[in-house]
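Please find below a short note for a colleague who is meeting this structure for the first time.

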Amino acid sequence: MGKEIYKQLTIRNAVDELNRVVVFLEQLEEECQLPAGCMLPINLVLEEALSNVIFYAYEEGSSQEIHINVEYVAPRLVITIKDTGKPFDPTQKEDPNLNLPVEERPIGGLGIFLMRKIMDEISYERLGKENILRMTKIM
Amino acid sequence: MNITHKAIEQGIRVAIEGRIDTTNYNEFEQAMNLLFEEKTKAIYLDCSGLSYISSSGLRVFLTVQKKMMATGGKFLLFSMQPTIKEIFDISGFSSIFSIFDTEESALQHSPV
């Protein structure tokens, strides 16, 4: 039988909450008995997705919850992020041009690109007042 | 995150330890900005202790590279952990940065 782990974390829309996500992923790595370090790209993906919600989804000063749900059914890791902020579909963002020389490379725009490159599948839906971002990776 | 630096013959050697993420990338940026004030011709960055980097950290790397290029200086990275190197590869950063396996090979690379 493959390993099955279900885990949840709710954070507030504040930057320092990302530190809780790091601890959450460290625990997950251990519980899933995955090799050390393999959650690092997952950490990056989650940080990008959550930063977008934390910085842009809500009016400044409003304290909101963001829900993170993880299902690991070896070897498949599915992470779902739910928030009730402004509708935002990261799957619709255009990829940056990686062939530009350094002088012309824009400073931003990398985050969502990295999410796509690291995960095997990303889907978005707006359901009622919720943004639901579902990301899958075969570990 | 811990950043230390010392002057060496070829320029400045900087060592970074820990994580660079959304919560602390500005500390890294400020530390690097202080080094520019000294008009250094080359920055050698020891990445062996760098355990994690997110896109906010990568942005600082790109900013440093742009500034160094604008002043004719060099920004050389060495001893990067494989997981970090992989992120650089995916971002297309490996082709715009000088990344060396060892400190020795980075230092052998002439700054001018």
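1. A:R20 is partly exposed, with a relative accessible area of 38%, where buried means under 20%, exposed over 50% and partly exposed in between, for a 1.4 Å probe and protein chains only. This is a predicted model, in which local features need pLDDT of at least 70, side-chain atom pairs count only at pLDDT 80 or more, and totals for chains, interfaces and linings use all residues. Residues are numbered from 1 along each chain as its sequence is written, chains are lettered from A in the order in which they are written, and side-chain values use heavy atoms, without hydrogens and water.

2. A:R20 forms a salt bridge (a side-chain nitrogen of Lys or Arg within 4 Å of a carboxyl oxygen of Asp or Glu) with A:E17, their closest N and O atoms being 2.9 Å apart. A:E17 is buried, at 7% relative accessible area, and a network of salt bridges links A:R12, A:E17 and A:R20.

3. A further salt bridge joins A:E31 and A:K7 at 3.1 Å, N to O. The pair links distant parts of the chain, with A:E31 in helix α1 (residues 18-31) and A:K7 in strand β1 (residues 4-12) of chain A, 24 residues apart; helices (H or I, at least four residues) and strands (E, at least two) are DSSP runs numbered from the N terminus.

4. Chain B has four helices and five strands, which follow the pattern β-β-α-β-α-β-α-β-α along the sequence. Of its 112 residues, 48% count as buried.
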